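Me: I would like to learn how to read a few features of a protein model with some care. Could we take them one at a time, with the general idea first and the case at hand after it?

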Amino acid sequence: SDGNKSFYTVQEEKMEQAERSVLISCPAKTNEKKFLSYLSRHGDINKCFFYESYGTYAVVEFSNKESLTSLHEGTAIPSINHEATVPFKSRLLSLRNAGPVDMSNGQSAPPCQPQTTIHINDLIQRLSKEASIDQQLSSLTETYQLTEENVCLRFLVCSLLKDIAAAYFPECTIRPFGSSVNGFGKLGCDLDMFLDLDGISGRNLKRPKAGLSLEYQTKRSASERAGTQSILSVIGECVDQFGPGCVGVQKILQARCPLVRFAHQPSGFQCDLTANNRVAMKSSELLYLYGGLDRRVRCLVFSVRCWARAHSITSSIPGAWISNFSLTVMVLFFLQRRTIPILPTLDHLKELAGPLDKSVIEGNDCTFVSDFTKIRLQDNTETLEQLLQEFFEFYGTFAFNRMSINIRKGREQNKPEMSPLHIQNPFEPALNVSKNVNGTQLERFVALCRESAWMLQQREFNVPHSGSATGNNAPWGLAALLMPSVSQVAGVKGRKKRKREPASERIKGLLESLKNSEVKS
């Protein structure tokens with residue numbers, strides 16, 4: 001981990017790269033070599049990649065920002081038949097072959113970077129071919145995690161949106177947070193952004209007692225929340241009216257955290273924009289730090305999340321389900337609770353913090369160390385297979401009725417409220433991040449944990465099948481855990497409880513599959 005860059009160092013580098021980049025809509029059969037040769041007339045190009053979303057697009061990163069000026073000077077402005085003018089020069093451009101340079105390939109489209117994950121059935125087949133459960137968890141992570149190109153595209157979309165917001169707030173910044181930057185993002189996940197005005201407000205700067213004071217006016221703002229709603233209302237209207245490729249704009253201003261939601265068609269991202277969401281950014285930084293300390297952390301989180309989604313423990317629809325964030329915190333807590341802890345507590349990370357790490361947000365102490373080199377980990381050598389099984393056993397027997405999960409202390413605490421599942425917010429201790437989860441959903445989670453732990457103990461499921469050499473890969477290990485469940489524990493809500501049979505229909509079906517595979521091999 002000594003080579004890991006700090007969260008904010010990475011953020012600043014990505015944002016600076018995005019400021020030197022453009023997004024170009026291209027014909028489907030664009031010749032990459034001709035395309036780059038044409039654009040290089042405006043300056044050196046650091047990076048270029050193609051992807052598909054409602055057409056073929058290219059992300060082009062120039063070495064210097066001056067190249068964008070040169071590019072815009074050679075860009076045609078669409079002709080219009082009324083008095084309205086183009087409000088600003090967007091960095092979303094379209095390439096047409098009607099000009100003097102023919103960009104067509106004549107044969108095939110350029111290679112495109114993936115922007116979404118593979119289907120769960122394809123994933124199960126891929127995992128079934130691996131030689132060990134450890135390799136299965138690693139393979140799942142490599143398959144699902146955000147690519148370098150996808151991360152660059154996310155920062156570019158934020159930068160394109162900032163070009164719009166800057167019309168009202170010239171010194172603002174729009175930053176991605178959450179799964180896009182915390183290291184646990186899955187291909188195809190939403191893009192969460194926040195409009196950062198702290199650089200203008202000087203929130204953390206010492207204020208002079210005398211001298212000049214800035215005059216400003218925020219109308220109809222009786223509180224900070226009202227001011228945030230007003231700001232987002234203005235930006236939402238601007239994005240709706242003038243944001244190229246931004247469709248389906250919704251201003252959800254009465255939510256606990258006011259936001260503007262829209263789809264950005266050129267990138268394919270579903271976007272949520274909030275304002276000054278500083279606690280969320282600290283949470284993103286904390287998860288980034290934990291994920292960078294030990295490679296097993298991210299592998300376990302990705303695998304548990306995928307397992308939970310395969311069995312409808314989590315959902316993209318708001319409701320009583322366990323959220324991905326709650327699941328991630330549960331994995332972190334489990335890794336803190338090992339006999340030899342794999343991860344330090346948040347309190348320990350606070351003890352290691354230096355003066356520059358100090359952070360107090362809305363009265364909450366969000367301080368923790370940002371420098372990886374200051375963190376010394378204990379020598380835990382458990383395999384991913386051991387950890388996966390122990391995770392299911394840990395939560396299959398956890399005293400949810402009495403205990404709260406707290407990664408700040410790294411130990412169970414008595415629940416301060418009667419919610420079925422209580423996971424303390426790392427930075428806002430009074431908040432339960434899993435308050436939405438009801439008893440039925442928690443029972444399903446516990447039952448599936450027990451079933452999965454049992455499956456991993458059975459030889460039929462925890463070793464590769466001999467038939468795999470012939471290409472007949474019956475699901476085993478993690479792949480078997482991801483199979484669609486028809487067991488009673490994942491049954492339809494509202495069914496009367498019945499005595500649970502020794503093995504579910506899902507397990508019986510898998511065993512039968514393994515036997516058939518054995519006969520064929």
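Me: Which residues of helix α10 are buried?

Reply: Since this is a predicted model, burial is read from computed accessible area, and the residues of α10 that count as buried are Arg296, Val297, Cys299, Leu300, Val301, Phe302, Ser303, Val304, Arg305, Cys306, Trp307 and Ala308. That makes 12 of its 16 residues, and the helix can be called mostly covered.

Me: How many residues does α10 have, and what span does it reach from its first C-alpha to its last?

Reply: The helix covers residues 295–310, which is 16 residues, and it reaches 23 Å, close to the 22 Å expected at 1.5 Å a residue. Just after α10, Ser312 takes a positive phi of about 60°.

Me: How is a pair of aromatic rings described?

Reply: One gives the distance of the centres and the angle of the planes. A search of the whole structure finds 23 aromatic pairs, and among them is the pair of Trp307 and Phe445, which is edge-to-face, with 6.1 Å centre to centre and 70° between the planes. This pair links distant parts of the chain, with Trp307 in helix α10 and Phe445 in helix α14 (residues 439–457), 138 residues apart.

Me: Why is Trp307 classed as buried, and what is the relative accessible area of Phe445?

Reply: Trp307 is classed as buried because its relative accessible area is 1%, under the cut-off of 20%, and Phe445 is likewise buried, with a relative accessible area of 0%. Both residues also belong to one aromatic cluster, whose other members include Phe333, Phe391 and Tyr395.

Me: Which rings have a charged side chain over them?

Reply: Arg154 lies over the face of Phe269, at 4.3 Å from the ring centre, while the charged end of Lys282 sits over the ring of Phe368, 4.6 Å from its centre.

Me: How should I read the pairing of strands β7, β8 and β9?

Reply: One looks at the sense of the pairing, the bridges and the connecting residues. Strand β7 (residues 246–252) pairs with strand β8 (residues 259–264) in the antiparallel sense over 5 bridges, Gln250 stands opposite Arg261, and the two strands form a hairpin with 6 residues between them. β8 is also joined to strand β9 (residues 269–275) by 5 bridges, again antiparallel, and here Phe262 stands opposite Cys271. The hairpin of β8 and β9 has 4 residues between its strands, and Gly268 in the turn has a positive phi of about 85°.

Notes
Residues are numbered from 1 along each chain as its sequence is written. This is a predicted model: local features need pLDDT of at least 70, side-chain atom pairs count only at pLDDT 80 or more; totals for chains, interfaces and linings use all residues. Side-chain values use heavy atoms; hydrogens and water are left out. Two strands pair if DSSP finds at least two bridges between them. The expected span of a helix is 1.5 Å times one less than its number of residues. Buried means under 20% relative accessible area, exposed over 50%, partly exposed in between (1.4 Å probe, protein chains only). Rings of Phe, Tyr and Trp (its six-membered ring) pair if their centres lie within 6.5 Å; planes under 30 degrees apart count as stacked, over 60 as edge-to-face and the rest as tilted. A charge sits over a ring if NZ of Lys or CZ of Arg is within 6 Å of the ring centre and within 35 degrees of the ring normal.
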